[in-house]
Amino acid sequence: MTIYLLIKAIQAFLENELADDGATVPAVHLGHLPKEPEEPAYPFIIIRPAEGEGDKDSIKAQIKLLFGTQAEEGSGLIDLLNLMERVRILLMRERIIAKQFAIDVSWKWKLSEEQPLTEWTGEVTTTWVLPQIRREVEL
């Protein structure tokens, strides 16, 4: 449930913050694109849990952010890179979302190897520190 709360918090944060910055607002989806989008498919951000790990001192989760843009001219690549950078700046300024999830400052991005004409996609891998579970009963 904590991972679900994390990705919902990221979604709400991005929807709110990207709506306020005056540029094209991407649709933010959990897991995958909808089969039948109610709005134009591009630009988009998909939030997808990737993996996690933890021990008694720390719990971390990797969340992938998949980005997509589309442009008939040569601006698709620039649009993609700008969107990825806008998100990075927003998350790094905030660092903690929903008062419980902290993003690690490490940031890894890559562009997809195959780029169909007019469509551009990229991926960012983020690492989040999750709230620690406290033992309720002493042994």
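Let's start with Thr127, which is found in strand β6, residues 119–129. Strands here are DSSP runs of E with at least two residues, helices are runs of H or I with at least four, and both are numbered from the N terminus. Thr127 has a relative accessibility of 15%, so it counts as buried. On that scale, buried means under 20% relative accessible area, exposed means over 50%, and partly exposed is in between, with a 1.4 Å probe and protein chains only. Setting aside neighbours within four places in sequence, Thr127 is in contact with Lys60, Ala61 and Gln62, and also with Ala102, Ile103, Asp104 and Ser106. Contact means heavy atoms within 4.5 Å.

A quick word on what we are looking at. This is a predicted model, where local features need pLDDT of at least 70 and side-chain atom pairs count only at pLDDT 80 or more, while totals for chains, interfaces and linings use all residues. Residues are numbered from 1 along each chain as its sequence is written, and side-chain values use heavy atoms, leaving out hydrogens and water.

Now the whole chain. The protein chain has two helices and six strands, and along the sequence they follow the pattern α-β-β-β-α-β-β-β. Its C-alpha atoms fill a box of roughly 65 × 30 × 30 Å, taken along the principal axes. Of the 139 residues, 33% are buried. If you take the contacts with a separation of 6 or more, 56% of them come from residues 24 or more positions apart.

On to the helices. How do α1 and α2 pack? Helix α1, residues 2–19, and helix α2, residues 76–94, pack at an angle of about 110 degrees, with their axes 11 Å apart. The axes are lines fitted to C-alpha atoms, for helices over the stretch in contact, and angles run from 0 to 180 degrees between N-to-C directions. The two helices are therefore roughly perpendicular to each other, a label for angles of 65 to 115 degrees; under 35 is roughly parallel, over 145 roughly antiparallel, and the rest oblique.

Who meets whom? From α1 we have Phe13, Leu14, Glu17 and Leu18, and they meet Arg86, Val87, Leu90, Leu91 and Glu94 in α2. The residues of this contact divide into six nonpolar, no polar and three charged.

Keep an eye on Leu91, which lies in helix α2. With a relative accessibility of 1%, Leu91 counts as buried. Not counting residues up to four places away in sequence, Leu91 touches Phe13, Leu65, Ile103, Trp107 and Trp128.

Next, His29, in strand β1, residues 27–30. Is His29 buried or exposed? It is buried, with a relative accessible area of 17%. Leaving out neighbours within four places in sequence, His29 is in contact with Gln11, Pro34, Phe44, Ile45, Ile46 and Ile47.

Phe44 brings me to the rings. Rings of Phe, Tyr and Trp (its six-membered ring) pair if their centres lie within 6.5 Å, and by this rule the count comes to one aromatic pair. The rings of Tyr42 and Phe44 have centres 5.4 Å apart and planes at 45 degrees, so the pair is tilted; planes under 30 degrees apart would be stacked, and over 60 edge-to-face. Tyr42 counts as partly exposed at 22% relative accessibility, whereas Phe44 counts as buried at 6%.

Technical notes. Ala, Val, Leu, Ile, Met, Phe, Trp, Tyr, Cys and Pro count as nonpolar, Asp, Glu, Lys and Arg as charged, and the others, Gly among them, as polar.
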